[in-house]
Amino acid sequence: GDAPLWLSRLIASLMVLLYGLLIYFQFVTHTHLFEGDDDEDSPGVLGLWGGVFWMIFITIFIWIISDLVVAVLEPAATAMGVPLLFLSGIIVPIVGNAVEH
């Protein structure tokens, strides 16, 4: 895209920092908020190998879908005359969030 490299690195650094702060919040300062009444004695529905299989399957599926989105997004941004950073950083998350609700 046309975005400067420093902006991309700044955004990536902020995301890593926020992720680190989230992990610190969950595992150090506010562990009591995330403790539940989970029944640890009951086995999981899938088991270990079922969970591993579905994790790999879903990861590959999301990888393929993401490649398709990127392949379509770049020509669309060029055709509409919209900066790729705006389209991928603002519009796609808003539309993705709308789909969830």
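1. Phe53, Trp54 and Phe57 form one aromatic cluster. The model is a predicted one, and the protein has an average pLDDT of 83, with 86% of the residues scoring at least 70. Three aromatic pairs are present in the structure.

2. Where do Phe53 and Phe57 lie? Both are in helix H2 (residues 47-80), four residues apart, about one turn of the helix.

3. Trp54 and Phe57 also form a pair, but this one is edge-to-face: 5.3 Å centre to centre, with 85 degrees between the planes. The class follows from the angle, because planes over 60 degrees apart count as edge-to-face. In helix H2, Trp54 and Phe57 are three residues apart, and therefore about one helical turn separates them.

4. Phe57, at 43%, is partly exposed, and Trp54 is partly exposed with a relative accessible area of 41%. The reason is the cut-offs: buried means under 20% and exposed means over 50%, so values in between count as partly exposed.

5. Helix H2 itself deserves a check on its length. With 34 residues at 1.5 Å a residue, H2 should span 50 Å. Its end C-alpha atoms are 48 Å apart, which agrees with that expectation. Which residues of H2 are buried? They are Gly50, Leu73 and Ala77.

6. Next comes the end of H2. Gly81 follows the helix, and its phi is positive, near 75 degrees. Val82 sits in the loop between H2 and H3. At 24% relative accessibility Val82 counts as partly exposed; the value is not under 20%, so Val82 is not classed as buried.

7. What is Val82 in contact with, once its neighbours within four places in sequence are left aside? The contacts are Ala77 and Leu87. Ala77 is also one of the buried residues of H2.

8. As for the overall fold, the protein has three helices and zero strands, and along the sequence it reads as α-α-α.

9. How much of the protein is buried? Of its 101 residues, 4% count as buried. The protein exposes about 8,900 Å², and carbon and sulfur atoms supply 72% of that area.

Definitions and conventions. Residues are numbered from 1 along each chain as its sequence is written. This is a predicted model: local features need pLDDT of at least 70, side-chain atom pairs count only at pLDDT 80 or more; totals for chains, interfaces and linings use all residues. Side-chain values use heavy atoms; hydrogens and water are left out. Rings of Phe, Tyr and Trp (its six-membered ring) pair if their centres lie within 6.5 Å; planes under 30 degrees apart count as stacked, over 60 as edge-to-face and the rest as tilted. Helices (H or I, at least four residues) and strands (E, at least two) are DSSP runs, numbered from the N terminus. Buried means under 20% relative accessible area, exposed over 50%, partly exposed in between (1.4 Å probe, protein chains only). Accessible areas come from the Shrake-Rupley method with a 1.4 Å probe; for residues, only the protein chains shown count as cover. pLDDT is the predictor's confidence in each residue, from 0 to 100. The expected span of a helix is 1.5 Å times one less than its number of residues. Contact means heavy atoms within 4.5 Å.
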